[in-house]
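Work through the exercises below with the sequence and the model open. Each task is followed by a solution in steps.

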Amino acid sequence: MGQGIGPGRRLVFTVFDIIRDLILLVALFGLTIFVHELGHFLAAIWSGMVVDVFSIGFGPAIWQKKIKGVVFKVSWIPLGGYVAIPQLDPSAMEAVQGKDGEKIRDLPEVSAGKKIFVSLAGVTGNVILAVLLAWIIYWSPSVITEEGNTTIGSVEEASDAYAAGIRAGDRIVAVNGEAVKTWTDYIMLCVFAGEGGSKVTLELDSETGKKTVDLPTMETDLGVHAIEGLEKSSICAVGDVMAGSAAEESGLQPRDIIREFDGQKVLNSIHLIGLVSERREQTVEAVIERDGNPVTVQITPKYNEELDRVMIGIAFAPVQGVSWMQYKRPAAQLKNDLWQIVRMLKALTTRGEAKAAAKGIGGPTFILFSLWMAIRASFMNAIGLIRFININLAVLNLLPIPVLDGGHLVFALWEGITRRKLHPKFVNTVVNVFATILICLILFITVRDFFKIPKFIKAVRGVQEEVEAPSSEDPDEQPEDQ
């Protein structure tokens with residue numbers, strides 16, 4: 001489940017790039033599967049349970065080796081993995097694991113408490129990994145985020161939004177009565193509410209006061225609905241300062257964030273470029289944020305004859321604007337991940353939102369493609385997406401559906417409460433039915449996503465063409481990674 005990955009780098013790459021990115025993709029996605037199954041494996045071993053197989057992937061094995069009675073293997077279908085624990089699930093996973101018909105053995109009984117412990121261990125592994133990745137992002141000096149940004153950076157003059165009185169600098173506070181904290185919140189609620197081109201009610205704060213407008217949604221190239229003509233604001237973070245430039249003379253430093261310029265709040269990099277171009281040889285006051293503290297500097301934009309531009313001499317640092325990179329603080333990262341997943345599940349079960357929400361769900365193809373695009377953008381971007389995927393996997397696996405960990409948890413709780421075991425044939429039938437349904441659903445979404453990929457690439461390229469500079473030599477027009 002995602003709302004886009006940002007433009008990242010250009011979709012132009014060498015064979016070396018493909019090989020490197022493929023290795024990273026397999027390693028990062030494989031790590032997610034590995035920690036989940038490792039959790040089940042360690043919990044089973046600690047509980048004294050028998051483990052037959054530890055597999056990354058499903059189906060026939062690419063590689064396998066038997067160590068101390070456990071078959072460790074990597075299988076051909078990289079859509080998950082499993083740990084075969086006969087005392088927990090003696091025969092129910094045949095449809096997914098591809099068992100070869102061996103007979104169920106007589107094994108010691110296992111308490112319901114141990115079954116619950118093992119069932120919860122997989123998602124615990126994913127949560128632990130997500131927490132570690134959140135701290136890596138927090139410690140990374142290269143990650144610059146925009147917490148709680150719902151300010152509009154630009155409005156197309158020919159759009160319905162402009163005609164309704166929305167202007168750059170207005171801040172969206174609610175969509176259809178539901179409060180929003182980030183631009184992703186706004187996008188999600190528009191997607192959920194926009195099926196069939198219906199109108200969306202936006203509540204905004206502006207310099208002239210509060211206002212409420214109703215706007216129609218339009219279907220995008222990706223098949224979801226959005227309001228046309230609105231672009232979010234973005235912070236202007238300094239990536240580099242040219243020697244001898246006005247920026248250097250004023251004391252600007254890399255990682256400074258330019259908040260105001262000549263008394264005007266800076267909405268995005270294009271806005272700043274416009275403000276600079278209008279103040280040739282004028283000494284103005286700029287308010288910057290440095291290490292979380294406001295600093296005021298005096299700066300005089302200068303005319304560059306070689307580039308025929310008025311400029312201050314900075315390159316913009318990439319600012320992470322994708323849904324999984326909106327927060328720096330680890331707790332805020334994880335809370336935002338959880339909110340997005342829970343809100344999507346709520347939409348899928350809410351009349352009027354379910355159909356639109358279902359169109360926004362991505363399967364294995366979309367997830368792997370999104371991860372590849374995140375890798376193309378930056379390594380830390382990919383780390384953020386893997387963190388989100390781990391929280392996603394943890395939540396979905398806890399759903400009380402047979403074949404998932406939540407299903408095993410329900411069976412174990414039933415056994416613990418009633419002191420009676422469910423009949424093995426009943427468990428086997430129910431789990432295999434749901435396994436078949438799940439496989440068919442994954443195949444359907446995979447095929448649907450496959451046909452979306454060309455449209456997705458086209459949309460990403462379109463965003464790149466809008467934000468990339470006409471001249472790579474102009475440090476005031478370096479592209480932003482949003």
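Predicted model: local features only at pLDDT ≥ 70, side-chain atom pairs only at ≥ 80, totals over all residues.

**Exercise 1: a salt-bridge network**

Task: Find the salt bridges of aspartate 21 with arginine 20 and with arginine 376, and classify the residues as buried or partly exposed.

Solution. 
1. Between aspartate 21 and arginine 20 the N to O distance is 3.1 Å.
2. Between arginine 376 and aspartate 21 the N to O distance is 3.0 Å.
3. This second pair links distant parts of the chain: arginine 376 is in helix α10 (residues 364–377) and aspartate 21 in helix α1 (residues 15–46), 355 residues apart.
4. Buried means under 20% relative accessible area. Aspartate 21, at 1%, is therefore buried, whereas arginine 20, at 29%, is partly exposed.
5. Arginine 376 is buried, as is aspartate 21.
6. Through shared partners, the salt bridges join Arg20, Asp21 and Arg376 into one network.
7. The structure holds 15 salt bridges.

**Exercise 2: the buried side of a helix**

Task: List the buried residues of helix α7 (residues 269–277), say why they lie on the same side, and name elements that cover them.

Solution. 
1. The buried residues are Ser269, Leu272, Ile273, Leu275 and Val276.
2. Because they cover an arc of only 165 degrees around the axis, they are on the same side of α7.
3. Their cover includes the strands β11 (236–241), β12 (257–261), β13 (264–265), β17 (309–311) and β18 (314–316).

**Exercise 3: cysteines**

Task: Count the disulfides, then classify cysteine 236 and cysteine 440 by accessibility.

Solution. 
1. A disulfide needs a pair of cysteine sulfur atoms within 2.5 Å. By this rule the count is zero.
2. Cysteine 236 has 1% relative accessibility and so counts as buried.
3. Cysteine 440 has 46% relative accessibility and so counts as partly exposed.

Note on methods:
Residues numbered from 1 in each chain as written. Heavy atoms only, no water. Buried < 20%, exposed > 50% of the residue type's maximum accessible area, 1.4 Å probe, protein only. Helix = DSSP H or I, 4+ residues; strand = E, 2+ residues; numbered from the N terminus. Arc of directions from axis to C-beta. Contact = heavy atoms within 4.5 Å. Salt bridge = Lys/Arg side-chain N within 4 Å of Asp/Glu carboxyl O.
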